[in-house]
Amino acid sequence: MLLLLCATLFVFLIFLYVLSPRLPPRPVSLNGAHVVVTGGSSGIGKAIAIECVKRGAFITLVARNEQKLFDAKKEVEQHFMNEKQVVQCISLDVSKDFGQVKSVMKQAQEKLGPVDMLVNCAGISVSARFEDIKPEEFRRIMEVNYLGSVYSTMAVIPTMKERRHGRIVFVSSQAGQLGLFGYSAYSASKFALRGLSEALQMEVKPYNIYITVAYPPDTDTPGYQEELKSMRRRRPRARRRRPSCLLASSRWLLRVQHGRHLVPGSRRRDIEPWASSPAANLAVELVRPELS
Ligand SMILES: NC(=O)c1ccc[n+]([C@@H]2O[C@H](COP(=O)([O-])OP(=O)(O)OC[C@H]3O[C@@H](n4cnc5c(N)ncnc54)[C@H](OP(=O)(O)O)[C@@H]3O)[C@@H](O)[C@H]2O)c1
């Protein structure tokens, strides 16, 4: 009898162990939340900002070009749910100087309150054979796509930890799941985001901060149109129907609110990420006392 009881308890514990990382945190409400979107003046970033505004969020749009920011602000404002909502714009190169990114994020928080959600969407692309990409282009793409996300995240993490609340999104790419011909520089920068997000998720989970990575497929945006100009001849697949930004971003946002680690690309099945595996969860539980 005792043996049966022990065996049942053992099976129950194993069941909890396997199930626990799959239990989602309480979904975050965006009503009244402060959402910062880097790369928010165009394409996917702007579409995410619009979806957040439709759910009642206050928005900070970050990008370099002031006119594009101003135009995006006007467009996002058209989707306000109530008259209290605000969209502020900040002209900033996220890749240059951590000190500058930090002080700009501080200003943004002074005006609209602590950041509840950061969407790292600012990005650039280079499409060419490895030997035709200049060393400075390799450096630049890593600075914008990877370090720009690191700096923005570093600037908001301390407040999120204090409040034990936050969501962070990294916009990778399908080229961040598999290496593609012509994308040696771009793919590497997007793969880097995956490593960053999985390691960071383990560190910040005890603080109720959840990280989501998006792996969008080719999506119709101004950035993508620019890229097409240089590669249409080389890649006929580029003419295929692409998902609309708005549709994609609304689907993602639900997963971000629910603290899911992965927003899948549409042409691949989910890759089970290490960060949400039972083993990773156990590791987080083991180090949790030291962290707090
Ligand atoms: N469209 C696709 O097919 C696709 C597929 C997979 C992944 N993605 C990723 O999704 C993200 C958005 O792509 P998109 O197609 O929407 O591009 P997009 O239309 O070109 O928009 C890029 C945004 O990033 C901003 N940005 C670029 N460099 C910046 C910097 N150094 N500092 C601050 N802001 C900067 C741009 O504004 P400024 O130029 O004014 O700074 C713009 O707001 C990128 O990370 C991209 O790699 C796109």
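Q: How many aromatic pairs does the count come to?
A: The count comes to three aromatic pairs. Rings of Phe, Tyr and Trp (its six-membered ring) pair if their centres lie within 6.5 Å; planes under 30 degrees apart are stacked, over 60 edge-to-face, and the rest tilted. One of the pairs is Phe130 with Phe138: the ring centres are 5.5 Å apart and the planes stand at 65°, so this pair is edge-to-face.

Q: Before going on, what kind of model is this?
A: This is a predicted model, in which local features need pLDDT of at least 70 and side-chain atom pairs count only at pLDDT 80 or more, while totals for chains, interfaces and linings use all residues. Residues are numbered from 1 along each chain as its sequence is written, and side-chain values use heavy atoms, with hydrogens and water left out.

Q: Back to that pair. Is Phe130 buried or exposed?
A: Phe130 is exposed, at 57% relative accessible area. Buried means under 20% relative accessible area, exposed over 50%, and partly exposed in between (1.4 Å probe, protein chains only).

Q: And Phe138, buried or partly exposed?
A: Phe138 has a relative accessible area of 25%, so it is partly exposed.

Q: Which residue lies over the face of Tyr207?
A: Lys161 does, at 4.7 Å from the ring centre. The rule for a charge over a ring is NZ of Lys or CZ of Arg within 6 Å of the ring centre and within 35 degrees of the ring normal.

Q: Now the ligand. Which residues come nearest?
A: Of the 31 residues around the ligand, the nearest are Ser41, Ser42, Tyr186, Thr219 and Thr221. A residue is near a molecule if one of its heavy atoms lies within 4 Å of it.

Q: What does Lys190 do there?
A: A polar side-chain atom of Lys190 is 2.9 Å from a ligand oxygen atom. The protein buries 92% of the 880 Å² that the ligand exposes when taken alone. Those accessible areas come from the Shrake-Rupley method with a 1.4 Å probe; for residues, only the protein chains shown count as cover.

Q: Which elements give two or more residues to the shell around the ligand?
A: They are helices H2 (43–54), H5 (135–163), H6 (184–204) and H7 (222–231). H7 gives the largest share, three residues. Helices (H or I, at least four residues) and strands (E, at least two) are DSSP runs, numbered from the N terminus.

Q: What about backbone atoms at the ligand, say Gly39 and Asn65?
A: For Gly39, a backbone N or O atom lies 3.3 Å from a ligand oxygen atom. For Asn65, a backbone N or O atom lies 2.8 Å from an oxygen atom of the ligand. A polar contact is a pair of N or O atoms within 3.5 Å; within protein, one must be able to donate a hydrogen and the other to accept it, and residues adjacent in sequence count only if both atoms are side-chain atoms.

Q: How do the shell residues divide?
A: There are 14 nonpolar, 11 polar and six charged residues in the shell.

Q: Tyr186 came up. Where does Tyr186 lie, and is Tyr186 buried or exposed?
A: Tyr186 is in helix H6 and counts as buried, at 13% relative accessibility.

Q: What does the side chain of Ser173 reach?
A: The side chain of Ser173 reaches the backbone nitrogen of Ala175 at 2.9 Å. Ser173 is in the loop between S5 and H6 and is buried, at 9% relative accessibility.

Q: Last one: where does Ser127 lie?
A: Ser127 lies in the loop between strand S4 (117–120) and H5, and is buried at 13% relative accessible area. Ser127 and Glu227 are 100 residues apart along the chain, with 7.4 Å between their C-alpha atoms.

How values were computed: Ala, Val, Leu, Ile, Met, Phe, Trp, Tyr, Cys and Pro count as nonpolar, Asp, Glu, Lys and Arg as charged, and the others, Gly among them, as polar.
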